[in-house]
Amino acid sequence: MVANGEGQLNMATRVQSKPRANRYPGPCRLCGVEVPAGGGVLRLEHGDHGRWLVEHRPAVWAGSPVSGRWVDGCPDERGE
Ligand SMILES: [Zn+2]
């Protein structure tokens, strides 16, 4: 039942253009939950003034396929 072999569970995957961490706490752009300083990433909003908005880091699966857990991500995404 567990689909693996696609490499999506590989934590060592390199990420290009690593997003910047937020220096100040603020509400998440996606879910509105407060993101602690350094606990999220900054996204440049393409708008009038190009404001930097904070959002939770994308959820990633940590651990083995059968005993791992989701870390980071918006609380809503984790379905808890
Ligand atoms: Zn969020």
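Me: In what order do the elements of the protein run from the N terminus on?

Reply: The model is a predicted one, and its protein holds zero helices and six strands. The elements run β-β-β-β-β-β.

Me: What share of the residues in the protein is buried?

Reply: A residue counts as buried if 20 or more other C-beta atoms lie within 10 Å of its own. In the protein, which has 80 residues, the buried share comes to 8%.

Me: Is Trp61 buried, partly exposed or exposed, and why?

Reply: Trp61 has its place in strand S5, which covers residues 60-62. Around Trp61 there are 15 other C-beta atoms within 10 Å, and a residue is buried at 20 or more and exposed at 12 or fewer. Because the count for Trp61 lies in between, Trp61 is partly exposed.

Me: How many Å separate the C-alpha atoms of Trp61 and Val71?

Reply: Trp61 belongs to strand S5, while strand S6 spans 69-71. Trp61 and Val71 are 10 residues apart along the chain, and the separation of their C-alpha atoms is 6.4 Å.

Me: Which residue has a positive phi although it is not a glycine?

Reply: The residue in question is found in the segment after strand S6, and its phi is about 60°.

Me: Where is Gly39 placed, and how many Å lie between Gly39 and Tyr24, C-alpha to C-alpha?

Reply: Gly39 sits in the loop between strand S2 (34-35) and strand S3 (40-44), and Gly39 is partly exposed, with 15 other C-beta atoms within 10 Å. In sequence Gly39 and Tyr24 are 15 residues apart, and in space, C-alpha to C-alpha, they are apart by 9.3 Å.

Me: Is Gly32 buried or exposed, and why?

Reply: Gly32 lies in the loop between strand S1 (26-27) and S2, and the C-alpha atoms of Gly32 and His56, 24 residues apart along the chain, are separated by 9.7 Å. Gly32 has 10 other C-beta atoms within 10 Å. Since a residue with 12 or fewer is exposed, Gly32 is exposed.

Definitions and conventions: Residues are numbered from 1 along each chain as its sequence is written. This is a predicted model: local features need pLDDT of at least 70, side-chain atom pairs count only at pLDDT 80 or more; totals for chains, interfaces and linings use all residues. Helices (H or I, at least four residues) and strands (E, at least two) are DSSP runs, numbered from the N terminus.
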